[in-house]
Amino acid sequence: MGIRRKRIGILTGGGDCPGLNAVIRAVTKSLISRFDIEVFGIEDGFEGLVENRFRPLSYDDVSGILQIGGTILGTSNKADPFHYPVTEGGEVVSRDLSGRALANMEAAGLEAVCCLGGDGSMTIAQALRDKGLKVVGVPKTIDNDLWGTDVTFGYDSAVSVAAEAIDRIHTTAQSHHRVMVVEVMGRYAGWLALGAGVAGGADVILIPELDFDLETVCEKFRFRRRIGRKFSIVCVAEGAKPRGGEVVFQKETPASRGRPRLGGIGTKLTEEIEEKTGLETRVTILGHLQRSGTPTPFDRILATRFGVAAAEMIGRGEFGRMAALRGEDIVSVPLEEVAGRMKTVPVNHPLLKVARCVGTSLGVDD
Ligand code: F6P
């Protein structure tokens, strides 16, 4: 009887982002051609692990997907195997099906899993590791808030979309002498708002890490009027909130399955600015546009580097770790250091200073 080749699974968990396919391609091509390891795609993130939905990935299957956004494997952010939604007696209840997920892997002969995900996925990966799973992580998210890596793939693409939106908003803001509020994603961290705001030259940038003062924000618009600037642009992260105020959530629906949806601070802010200043103010919510579309060349390169590094970690049997960017180098960091932690914008981050130095208000007394 011939010796069976090693098999590993690959999954994409949490919200999608540009560059996932580039990683899937790099991991799969490297494992097949350099390590003679078979690769199986796990469909829809951890849901596929629990529901036993695996399919073989050949070299050809992953050709031509480098520049395509989203994920060919599908994803889910409501399928934590430890709190898995199941319908019992007509009601949806949460059950620990992590044992079933591991049994499915064993039955399929999968020795390890390469998990592409953000903070939620890495926390699940680490918990499965505690139960014996061999896992290698790859850091993704447009929010760039994953601990342990300088940058996640997907962030640069999202910054590009949001910065282009701010560029475009400028012309109509200028023509109509309006205040234009652009709401971008960023649940707990302001990296995206900060990056896009600086790149797009926003007059005000509001991030979750710095609770803003509405009067300070409005004073910026009045000041700009006084010096002859009749329009202003605000870039606000969905997770930003006023001092002493609350984060704004959307209405919960049965489909949101208890996972609160952020969004709406832009609209609330717009109403308040108009009321306080009398200036015509409009809002644009970029939403999922920021996560869609093709990855930038930077993200394609980073995703490919991460994918090749993850394949090498698998080849070496270096499990329980996540590929990470540190300076110029791709390194690996222990998953237990990443799990349950978040990388928010430090209040003394140099880019905040840079923003202030070019006259951008951060909504707090500078
Ligand atoms: O985690 C990335 C992210 O884009 C957040 O910024 C945002 O709040 C969330 O995903 C939205 O996720 P969903 O598409 O599931 O509503």
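View 1. The domain assignment gives domain 1 (7-153 + 295-327) and domain 2 (158-291 + 346-357). Keep in mind that this is a predicted model. The C-alpha centres of domain 1 and domain 2 sit 32 Å apart. On the contact itself, domain 1 puts in 12 residues and domain 2 puts in 14 residues.

**View 2. Now for the interface between the domains.** Domain 1 and domain 2 bury about 1,100 Å² between them, with 55% of it on carbon and sulfur atoms. On the domain 1 side, Lys78, Ile142 and Asp143 give up the most area to domain 2, together 47% of what that side buries. The interface has 1 salt bridge, and there are 2 residue pairs in polar contact between the domains.

**View 3. Arg34 meets Glu312.** These two form a salt bridge, with the closest N and O atoms 2.9 Å apart. Arg34 belongs to helix α1 (residues 20-35) and Glu312 to helix α9 (residues 297-316), so the pair ties together parts 278 residues apart in sequence. Arg34 is partly exposed at 47% relative accessibility, and Glu312 is partly exposed at 26%.

**View 4. Lys276 meets Glu215.** Their side chains form a salt bridge at 3.2 Å, N to O. Lys276 is in helix α8 (residues 265-277) and Glu215 in helix α7 (residues 214-226), 61 residues apart. Lys276 comes out partly exposed at 41% relative accessibility, as does Glu215 at 33%.

Technical notes: Residues numbered from 1 in each chain as written. Predicted model: local features only at pLDDT ≥ 70, side-chain atom pairs only at ≥ 80, totals over all residues. Heavy atoms only, no water. Domains from an automatic or database assignment. Contact = heavy atoms within 4.5 Å. Buried area = accessible area lost by both parts, 1.4 Å probe. Salt bridge = Lys/Arg side-chain N within 4 Å of Asp/Glu carboxyl O. Polar contact = N/O pair within 3.5 Å; in protein donor to acceptor, adjacent residues only side chain to side chain. Helix = DSSP H or I, 4+ residues; strand = E, 2+ residues; numbered from the N terminus. Buried < 20%, exposed > 50% of the residue type's maximum accessible area, 1.4 Å probe, protein only.
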